[in-house]
Amino acid sequence: KHLLKTELPDAEVIVVSNREPYIHNDVDGEIRIQRPASGLVTALEPITRACGGIWIAHGSGSADRRSVDEKDHVAVPPDAPSYVLRRIWLTDEEVEGYYFGLANEGLWPLCHIAFIRPAFRAADWQHYVAVNRKFADAIVAEAKSPNPLVLVQDYHFALVPKMVRESLPDATIITFWHIPWPNPEMFSICPWREEILSGLLSSSILGFHTQFHCINFLDSVDRFLECHIDREHSTVTTGASTTLIRPYPISIEWPAAALAGQPDIAGCRKAVYAKFNLSEDIRLAIGVERFDYTKGIPDRFRAVESLLENHPEWIGRFCLLQIAAPSRAQLAAYQAVQVEAQDVARAINDRFGRDGWQPIILIARHHDAAEICTLFRAADLCVVTSLHDGMNLVAKEFVAARDDDDGVLILSTFAGASRELLEALIVNPYDIRGMGEAIHQGLSMSSDQRRDRMRLMREMVAEYNIYFWAGRMLMDAARIRKRQGIEKPLD
Ligand code: G6P
């Protein structure tokens, strides 16, 4: 907030994402507000609350229209409004083509190495273009100044920067790509690769989580577009416009808002153990994610099997509690991973379970941030073994929840977070045996070791929190704006 005031005094902030920060649902005639399971929303919401401005998103809740009383603008957060949520209404066909089709059956598997074949259908692309245009038009309509600060989020809107630039040439457009960027060979299979690259390159700044993803992006541009790439300064110049390509590892609010009102660690443990009927001598591991094939949930279960096979002393003394929020469930690949995870869990529970104990508890429902925080505080271990992940904020949320400095994090080497949380037990999620051994190591670790590791991870997340992430991007944006002011004073 302070930075915006001093460095970007006249900037009007417009955030754009597909997922809205507050979803109003109709539950038996009553409106319930849900916070979505989305890393993007987790990260962006505290920033938008602090900066004010407007957030444009797709209205997806069953009572969204009713909640805004047939108006498109609603003040949020509901209990203490500090910014405006502008909802964009999409038809079922648009949602089908743009969101489920191009974004989640095309770009999502294109960018994540999970061995799911991307599907590229011309009709989906047409919807994607049309929906990007709808959002770009809304940004232009909402902008009160000629040079707003537009924060475009994620793979749903690759074309928005170019469309906005056409109407608002002086806008500062920061686009953040929340998922990995593939290497040029992989990217080349996308039939609309040039359109996507040039759409993104109308941004003033294009951010990724890691340097590696920036390099993949620059290599893709190098391969498919005519432009000048300055690798030393990490810029791409096409015609008169230059885009800065930089890593900004995303993070979370610190201290975590979900910590407020939490019982102490012993209290959390007691509540969770009672709720799940766990006997006191059981060591608890927790997994929390959307039910997505990139998260490696079935392989994590197989790792539990490997643990119990190779270290039978944990039979009857270890439990993995897996929370999996239903996600994109109308897509075949998502249904398949749910069925697979349930089958694998059942087989392992049948094989090892005994009266009153089973090694895996799988709960496929959405949990709110406070419930998850309690689970993190009750657990001995948190297991984040994604097959591929841009950052993974669950890992950072676990660290933030442990104000007792205890708890072990097991983290996939293919999650961006492993570049920062070096004191986690880093695993290869394709190596089932190795993951099982890491769980054993985590369970056997001395309390001193656990605390030393957790303290270092907490220092890291506390310092490089979400305000740091936004601050670095805004500072870069401020420099660009000042430079533009020198080159071309605004009248
Ligand atoms: C990832 C994406 C976000 C998305 C979230 C949840 O974190 O990067 O853009 O919001 O998944 O997925 P959903 O499709 O439910 O929005």
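1. Strands here, like helices, are DSSP runs numbered from the N terminus (E, at least two residues, for strands; H or I, at least four, for helices). Strands β11 and β12 (residues 241–247) run antiparallel and are joined by 4 bridges; two strands pair if DSSP finds at least two bridges between them. There are 2 residues between the strands of this hairpin, and Gly 239 takes a positive phi near 55°.

2. A word on the model before going on. It is predicted, so to speak of local features we need pLDDT of at least 70, and side-chain atom pairs count only at pLDDT 80 or more, while totals for chains, interfaces and linings use all residues. Residues are numbered from 1 along each chain as its sequence is written.

3. Ile 229 stands opposite Val 236 in β11. This hairpin has 4 residues between its strands, and Ser 234 in the turn has a positive phi of about 55°.

4. Those strands belong to an open sheet of 10 strands with mixed pairing, in the order β5-β6-β4-β1-β7-β8-β9-β12-β11-β10. β5 (73–76) and β10 are at the edges; each has a single partner strand, so one side of each lacks a neighbour in the sheet. From one strand to the next the twist averages 20°. Helix α6 (residues 160–167) lies across β1 (13–16), β7 (149–153) and β8 (172–176), and runs at about 175° to β8. For such angles, axes are lines fitted to C-alpha atoms, for helices over the stretch in contact, and the values run from 0 to 180 degrees between N-to-C directions.

5. The other sheet to look at is open too, with 6 strands, parallel pairing and the order β15-β14-β13-β16-β17-β18. Its edges are β15 (360–363) and β18 (425–427), each with a single partner strand, so one side of each has no neighbour in the sheet. Its twist averages 20° from one strand to the next. Inside it, 8 bridges join the parallel strands β13 (residues 283–290) and β14 (residues 318–325), and Leu 284 stands opposite Cys 319 in β14. Helix α14 (residues 393–401) lies across β13, β16 (381–384) and β17 (408–412), at about 170° to β17.

6. Which residues touch the most other members of the largest nonpolar core? They are Val 16, Val 150, Ala 395, Leu 409 and Ile 410, out of 142 residues. Helix α4 (residues 92–111) gives the most to this core, 8 residues. Such a core is a set of buried Ala, Val, Leu, Ile, Met, Phe, Trp, Tyr and Cys residues joined through C-beta atoms within 7 Å. Buried means 20 or more other C-beta atoms within 10 Å of a residue's own, exposed 12 or fewer, and partly exposed in between, with C-beta atoms placed from the backbone. Beyond its neighbours within four places in sequence, Ala 395 is in contact (C-beta atoms within 7 Å) with residues including Val 384, Leu 409 and Leu 421.

7. Last, the ligand. Residues around it (C-beta within 6 Å) include Arg 19, Asp 154, His 178, Arg 290 and Arg 328. The shell divides into 2 nonpolar, 4 polar and 4 charged residues; Ala, Val, Leu, Ile, Met, Phe, Trp, Tyr, Cys and Pro count as nonpolar, Asp, Glu, Lys and Arg as charged, and the others, Gly among them, as polar.

Terms used
Contact = placed C-beta atoms within 7 Å.
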